[in-house]
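Trainee: I have a model open and would like to go through it with you. Could we begin with the overall picture and then turn to details?

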Amino acid sequence: CAAIDALDSAPEERTRRAVLICGAIAAAYLGLLKSCQYFGFQLPVDTSHIANVTANFAAGRGLAATIFGVPSVLSIHFAFFLPVFLSPIFLVWRSALPLLILQAAAVASMGPAAFFLARRRCGAALSLLLMAMVLAHPSFHELATANLDDTIFLAPLLLWGAALWESGRPRWALLPWLLALLTREQVPFTAASAGVCWAFFADRPVRRRAAEGAAIVLGAAAVWFAEMRVVEAYGSVLKDQFWGYYGHLGRTPGEVMVGVFARPWNAARWLVWPPSHIEPVARLAVYMGLAPLAHPPAFAFFWLSAAHQLLQRHYAFGLYNLSYTFAPLTIAAAFGLARLGTWPILRGRRAWILLPALAGVGYGLAGASRVIHPAISRHLVWEAPPLLRLIPSGASVWTDDFVGVQLAARPQVKFLLVSRLHERFETLLFRPEYVLLDKGVLPFLPAPDQRRVV
C-alpha cells in the first residue's frame, strides 16, 4: 500500500514520461515483430491485399485491388482507413512494411492510452496496473501478430477517443471516434452498445438519459444502414456470406432484422447462453483480473460490444476480430478499478487489487500469441530475396500469396493461390512483366487452372 501511495503522489510529469517511454519500447518491440513476420514471409493474403489497395489509391486508381480482381474494396467492407490516410507513406517508402510498423505503433499506443484513460479516476498506481494488464492481455498480442487490416486500428482509435473524453476534451474525442467508422461496417454496433448502456445507467434524469441513449442507438443504426447501402451499391461480394452468419435468426436479411427487433428475447438468448458459446468473451474479462465486473454498466457495454459476434451461431474470435471488444473491455476495466479503489473494505488495502489483476496478467501472458505461422515459408527466407531484388518496384507481377507480401505494394499484382485460382482472377487481369512463383504452386493447381495460367 505504501508503494501504491508513493506512485499516486509521484510528480505527474515524471509518471507521464515513464508511460510514454514504455509505450515507445512496446512500439519498437512490436515493430520488430512485424518486421520478422514480413521478412520471414509469414504474412499471407490479407496483408498483401491491403498493401495493394493502398498502392492503387496512392497511384490515383481508387480503392481497387488487382490481387483478387476487386474494382473497389467497398464491395467487400466499408473499410478504407488505411489506404486513404496512410497511403502518403508510399511517397517515400513503397512497401507493406511501413504500414505494418505504423499498425504496430497504433496497437502499442493502447498501453499509454489506457493509462491516460484511467489516470483521473484511478490515480497513477492503478492506471499503471491497467496499462500492464492491457500490454499483457491476449487480445493485445492477437492484434499485434495479426495481418495488416483496417480493423486493427479500431481498438486504438476507440481507446484514445475515450482517453480524450475522460481528460475533458470531448470535441477532440470525436475525431478518433469518427475515424473509427472508416475501419469496418460493424463499428456502429459498438456505438449502439454505448447508447443502450447510456440509456440505462447514465448519471442523468431518467427521461434525459433514455432520450440521449435512444438518439445514439438510432444514429448508429442510420450510419450502419448508410454504410451497408454503400457496400451494396458497389456490388457486395460478401452480402450472402455476411447474412449467412445469422441464418438461424431468419432466412433473409429482412427476416433477421425483424426477428432481432420484434422478438429481442430470442436474440438476447444468444448473448448469454449456452455457456460454451459465451466462454471466449467471458475469458477476456478473466484476463483483466475480473476488474470489469466491478462496474456492471461498463461491463455491460463491453459485453454488448460483442453482440454482433455472439448473435452468430459460430463466430471467429481471434486476431483482428478482437479489435471490436478490446477497447470496451479496457474501458470497463478502468471503471472497475476506479470503483474498487473506492470500496470501503479496501480502504488501506488497495494492494489486494493486485492479486487477481496480476493473476490475470500471468494467465493471459502465458497463452498470448507471438507469431502467426512459425513453420511456414522457411525456404523462402533464403531463396526468395535474390529473386525479389530482380523485379523493379513499379513492374506488374504475377506471384503466389506468401512471397507476394513483398511485391504487393504496387498497383498491378496478381496472386496464384496454392491448389486453385481465385474465382475473380480474370477481373482486372493484365499481362505481367514478371512472374515469380514457388515451384510447388503450379503443379498442385487443377489442370484447367494450369492451362489458364500458362
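Mentor: The discussion below moves from the overall fold to the pocket, the core and some individual residues. Please keep in mind that this is a predicted model.

Trainee: How many helices and strands does the protein have?

Mentor: The protein has 21 helices and three strands.

Trainee: And what share of the residues counts as buried?

Mentor: Of the 454 residues, 52% count as buried. As for contacts between residues at least 6 apart in sequence, 73% join residues at least 24 apart.

Trainee: Let us turn to the largest pocket. How much space lies in it?

Mentor: The largest pocket holds about 1400 Å³ of space. Its lining consists of 35 residues, and W165, W177, A194, W198 and F301 lie nearest the centre.

Trainee: Which helix gives the most to it?

Mentor: That is α10, with eight residues. Helices that each supply at least two lining residues include α6 (110-136), α8 (154-166), α9 (170-180) and α11 (206-233).

Trainee: Staying with α10, what span does it reach?

Mentor: Helix α10 has 15 residues and reaches 21 Å from its first C-alpha to its last, close to the 21 Å expected at 1.5 Å a residue.

Trainee: Which of its residues are buried, and what do they pack against?

Mentor: The buried residues in α10 are V187, P188, T190, A192, S193, G195, C197 and A199. They pack against α8, α9, α11, α16 and α18.

Trainee: Is R204 buried or partly exposed?

Mentor: R204 counts as partly exposed because its relative accessibility is 31%.

Trainee: Now the core. Which residues of the largest nonpolar core touch the most other members?

Mentor: That core has 121 residues, and L130, F302, F326 and L337 touch the most other members. Not counting residues up to four places away in sequence, L337 touches C122, L126, L129, L130, M133, A291 and I353. Another core, of seven residues, lies apart from the largest one and has W398, L416, L421 and V453 among its members.

Trainee: F302 brings me to L284. Where is L284 found, and what does it touch?

Mentor: L284 is found in helix α15. Beyond residues up to four places away in sequence, L284 touches H137, S139, F302, F317, L322, T325 and L329. L284 and P138 are 146 residues apart in sequence and 8.0 Å apart in space, C-alpha to C-alpha.

Trainee: Why does L284 count as buried?

Mentor: L284 counts as buried because its relative accessibility is 5%, and the cut-off for buried is under 20%.

Trainee: Changing topic, where is the cis peptide bond?

Mentor: A cis peptide bond joins W273 and P274, with omega about -5°. P274 lies in the loop between α14 (264-272) and α15 (275-287).

Trainee: Which residues other than glycine have a positive phi?

Mentor: F41 is one of them, with a phi of about 55°, and L290 is another, with a phi near 60°. F41 lies in the loop between α2 (12-39) and α3 (45-58), whereas the place of L290 is in the loop between α15 and α16.

Trainee: Are those two buried or partly exposed?

Mentor: F41 counts as buried, at 0% relative accessibility. L290 is partly exposed, with a relative accessible area of 42%.

Conventions
Residues numbered from 1 in each chain as written. Predicted model: local features only at pLDDT ≥ 70, side-chain atom pairs only at ≥ 80, totals over all residues. Heavy atoms only, no water. 1 Å grid on protein atoms, 1.4 Å probe; cavity = no way out; pocket = protein on both sides within 12 Å on 5 of 7 lines; lining within 4 Å. Points joined across faces, edges and corners; volume = space filled by probe spheres on them. Helix = DSSP H or I, 4+ residues; strand = E, 2+ residues; numbered from the N terminus. Core = buried A, V, L, I, M, F, W, Y, C linked by side-chain atoms within 4.5 Å. Buried < 20%, exposed > 50% of the residue type's maximum accessible area, 1.4 Å probe, protein only. Contact = heavy atoms within 4.5 Å. Expected span 1.5 Å × (residues − 1).
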